[in-house]
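Hello,

Here is the structure we talked about handing over. My notes follow below it.

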Amino acid sequence: MSVNLRKISSSLVLASLVLAGCNRGGGASDESSDTATSGKINISVDETFQPIVKSQVDTFQKLYQYAKIQAAYKPEEEVVQDLLKGSVRVAVIARDLNATEKAEFDRLKIVPRSTRIATDGLAIILHPSNPDTLLTISQLRDIFTGKTQQWSQVSGKKGLGEVNVVFDANRSSTTRYIQDSVSRGGTLTKRAFAAKSNPALLDYVATHPNAIGVVGVNWISDRDDAAVQSFLKKVRVAAISRAANPQKTDDYLQPYQAYLALKTYPLRRDVYIISREARAGLGTGFASFAAGNKGQLIVLKSGLMPATGQTRIITTNQQ
């Protein structure tokens, strides 16, 4: 009997080990099942950065065939909540963690790691028929707060009627940025609404002459992308001046990479990958890739400003 019991006991132990190994192979929710270059992980991403993060994820998975990264693109507020709740271990957003969020991680005894990967610009989008393509920050503030309600108040030109302001989504990073950095905490105009996605925003502006929209520059900056080429045929990108009373056309700048690098384009913000991993898992591996040479080259090609690496800015003198 004792021999048989030992055999049965050994069989049960072996079976449990096999089952445990199978469970680890499933790996999507088991944090110990992935490495820096293999396994499965879900990440949450500010939908403003969908084009560039999709390029990063696709390239990473081609390089590391045993890695599977499932990215969910959401408004910024939802992305941060996913990270705080532990629904994901990695998030991509347009800011670092604030004091309240850091305090929550302290309470959880978690030390998050923030890695800056790029400088982004917000592009002001107009209908092609709109003649007011040179705007100051002061004019934008009046538009976004509702002080300016008619396009005729901007340049004196009539025909476009009331100003309609369109954002990508409710609780998005672009909405927050405009409220914090342009409107200075002021209440947004009652004529502002959310289009629910960046492509929907671009389509709305393309079909409504009185609309003004705000998008992350990576939606319109990679001119090798067929979707970007299509968008740019349908809308115009306004040039923005920080000066209250610009004296010349050169005082107005579009969100080109050089102006992001020189920090002269006024609507700039940094992009961060934030990880709550306690070890070098797949999230850490992806963050290292995005901040490394290959990932920064993807940022450079997208039209954003890489956080690291050398960038050449060439000035020419026209005769």
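What is the mean pLDDT of the protein? It is 87, and 87% of the residues reach 70 or more. pLDDT is the predictor's confidence in each residue, from 0 to 100.

Two notes on the basis. This is a predicted model, so local features need pLDDT of at least 70 and side-chain atom pairs count only at pLDDT 80 or more, while totals for chains, interfaces and linings use all residues. Residues are numbered from 1 along each chain as its sequence is written, and side-chain values use heavy atoms, with hydrogens and water left out.

**Confidence**
Helix 1 (residues 2-26) has the lowest confidence, at a mean of 38. Strand 3 (residues 90-93) has the highest, at 98. Helices (H or I, at least four residues) and strands (E, at least two) are DSSP runs, numbered from the N terminus. Residues 1-29 stay under 50, with six contacts beyond four places in sequence. A contact means heavy atoms within 4.5 Å. Where pLDDT is low, the predicted coordinates should not be read in detail.

A search of the whole structure finds one cavity of 30 Å³ or more. A cavity is a set of points on a 1 Å grid over the protein atoms alone, where a 1.4 Å probe fits but cannot get out; lining residues have an atom within 4 Å of a point. Grid points are joined across faces, edges and corners, and the volume is the space filled by probe spheres set on them. The largest cavity has a volume of about 60 Å³. Its lining includes F49, I52, V53, Q56 and F286. Helix 2 gives the most, with three residues. The lining divides into eleven nonpolar, one polar and no charged residues. Nonpolar here covers Ala, Val, Leu, Ile, Met, Phe, Trp, Tyr, Cys and Pro; Asp, Glu, Lys and Arg count as charged, and the others, Gly among them, as polar.

Regards

Terms used: On a 1 Å grid over the protein atoms alone, a cavity is a set of points where a 1.4 Å probe fits but cannot get out, and a pocket is an open set with protein on both sides within 12 Å along at least five of seven lines; lining residues have an atom within 4 Å of a point.
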